[in-house]
Amino acid sequence: MKWLYQQRGITLTLALMLVGLPALHPTLRAQSPNSENTLAQTPVPFVPPQLPDRGAPSGRRKGAASRPSGCPSIKDKPLIALVPDKEPGLTVAESPTFWFHVPSLPESARSAEFILQDSSGSDIYKTRFTLPETSGIIKVNLPSLQPISLKIGETYRWYFKIYCQPENTNLYFWVDGQIERVPENAYPANSIWYDLLTNLAEQRRAAPENANLRDEWTNLLKEVGLGELVQEPFLPCCTPER
C-alpha cells in the first residue's frame with residue numbers, strides 16, 4: 001500500500017509540473033498537411049550564399065524579346081525566371097526543378113523551349129512544349145527517363161525561350177541563368193535556392209488555402225525582389241513535344 005501511494009504521488013507531481021510548462025513550440029506539433037496552423041517545413045528566409053567573386057552576374061531573370069517588333073505585346077507580367085538576383089543559384093539535387101512565370105500569349109506564340117548547357121557550353125538537355133492559355137507560374141522538370149544528373153561543383157547555364165512565331169526561331173522572349181550543384185551540408189539549407197523554392201512551391205500547390213504557407217511564399221518571393229508574383233497561380237505544365 002505504501003508503494004502504491006508513492007507511485008500516485010509521483011504521478012500527481014509530474015502532472016502538476018506539466019501543467020506549468022509552456023505550450024510546445026508550433027513546429028513540434030503534429031499537423032495534418034492541410035491544417036491551417038501548419039508551418040512550412042522550409043528554412044526561410046532565404047540567405048544568399050557566400051560564393052567566390054565571379055564578376056558581374058550574366059543572367060537575365062526578366063524576359064526580353066530578341067526583336068520587339070516581331071513579338072506580341074505583353075499586357076500582364078512578362079516572362080520571369082524565379083531565381084535570386086545574384087547568380088548562380090544553388091541546388092543539391094541531381095535533377096532540380098526550374099520555375100518560371102509565363103505571360104498570357106496568343107495561341108500562335110505559346111511554343112516554349114528549355115535548354116540546359118554544361119560549363120563548356122554544350123547542350124545536355126533540350127525540350128519544347130506548349131504553354132497554357134493563361135498567365136501564371138509553371139515548373140520545368142528534368143527528365144525522369146534517361147535522367148540528367150548534374151555534377152557536384154559544376155556550374156550549368158539554362159535558357160528558357162518562348163517563340164513568338166514558331167516557324168521563325170529568331171523571334172522569341174527569353175530568360176537565362178546559372179545553376180550550380182553543391183554537396184549536401186556545404187551551405188545552410190536556406191541558401192540552396194532551387195531546393196528551397198521547389199520545396200515551398202510544392203507545399204503551396206498541395207495546400208493552396210493554407211495561410212501560413214501563403215505567408216511563407218509571399219515572404220520568400222519578396223526577399224529576392226519577386227513580390228509581384230505572390231498572387232500568380234500555379235499552372236499545369238509542361239509536357240515535352242515529341
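What share of the contacts in the protein chain with a separation of 6 or more is accounted for by residues 24 or more positions apart? The share is 73%, where contact means heavy atoms within 4.5 Å. This is a predicted model, in which local features need pLDDT of at least 70 and side-chain atom pairs count only at pLDDT 80 or more, while totals for chains, interfaces and linings use all residues. Residues are numbered from 1 along each chain as its sequence is written, and side-chain values use heavy atoms, with hydrogens and water left out.

**Overall architecture**

- The protein chain contains three helices and nine strands; helices (H or I, at least four residues) and strands (E, at least two) are DSSP runs, numbered from the N terminus.
- The order of the elements from the N terminus on is α-β-β-β-β-β-β-β-β-β-α-α.
- Of the 242 residues in the protein chain, 41% count as buried; buried means under 20% relative accessible area, exposed over 50%, and partly exposed in between (1.4 Å probe, protein chains only).
- The protein chain has an accessible surface of about 13,600 Å², and carbon and sulfur atoms make up 53% of this area. Accessible areas come from the Shrake-Rupley method with a 1.4 Å probe, and for residues only the protein chains shown count as cover.

**The nonpolar core**

- A nonpolar core is a set of buried Ala, Val, Leu, Ile, Met, Phe, Trp, Tyr and Cys residues joined through side-chain atoms within 4.5 Å.
- The largest such core has 51 residues, and those with the most contacts inside it are F98, F100, F114, L116, W158 and F160. Helix α2 provides the largest share of this core, six residues.
- When its neighbours within four places in sequence are left aside, L116 is in contact with residues including F98, I124, L142, I148, L150 and W158.

**The disulfide**

- A disulfide is a covalent bond between the sulfur atoms of two cysteines. Here, a disulfide is counted for a pair of cysteine sulfur atoms within 2.5 Å.
- The structure holds one disulfide, formed by C71 and C164 with their sulfur atoms 1.9 Å apart.
- C71 lies in the loop between β1 (60-65) and β2 (80-81) and C164 lies in strand β8 (residues 155-165), so the pair ties together parts that are 93 residues apart in sequence.
- The link of C71 and C164 is right-handed, with 85° about the S-S bond.
- C71 is buried, with a relative accessible area of 11%, and C164 is buried, with a relative accessible area of 4%.

**Helix α3**

- Helix α3 (residues 211-223) has 13 residues and should span 18 Å at 1.5 Å a residue, which agrees with the 18 Å between its end C-alpha atoms. The expected span is 1.5 Å times one less than the number of residues in the helix.
- At the start of α3, a side-chain oxygen of N210 comes to within 3.0 Å of the backbone nitrogen of N212.
- The buried residues of α3 are A211, L213, E216, W217, T218, L220 and L221, and their cover includes β7 (136-141) and α2.
- Just after α3, G225 has a positive phi of about 75°.

**The loop between β9 and α2**

- N190 is placed in the loop between β9 (168-181) and α2 (193-206) and counts as buried, at 17% relative accessibility.
- A polar atom of the N190 side chain lies 3.1 Å from the backbone oxygen of P45.
- N185 lies in the loop between β9 and α2 and is exposed, with a relative accessible area of 75%.
- Although N185 is not a glycine, its phi is positive, at about 70°.

Technical notes
A polar contact is a pair of N or O atoms within 3.5 Å; within protein, one must be able to donate a hydrogen and the other to accept it, and residues adjacent in sequence count only if both atoms are side-chain atoms.
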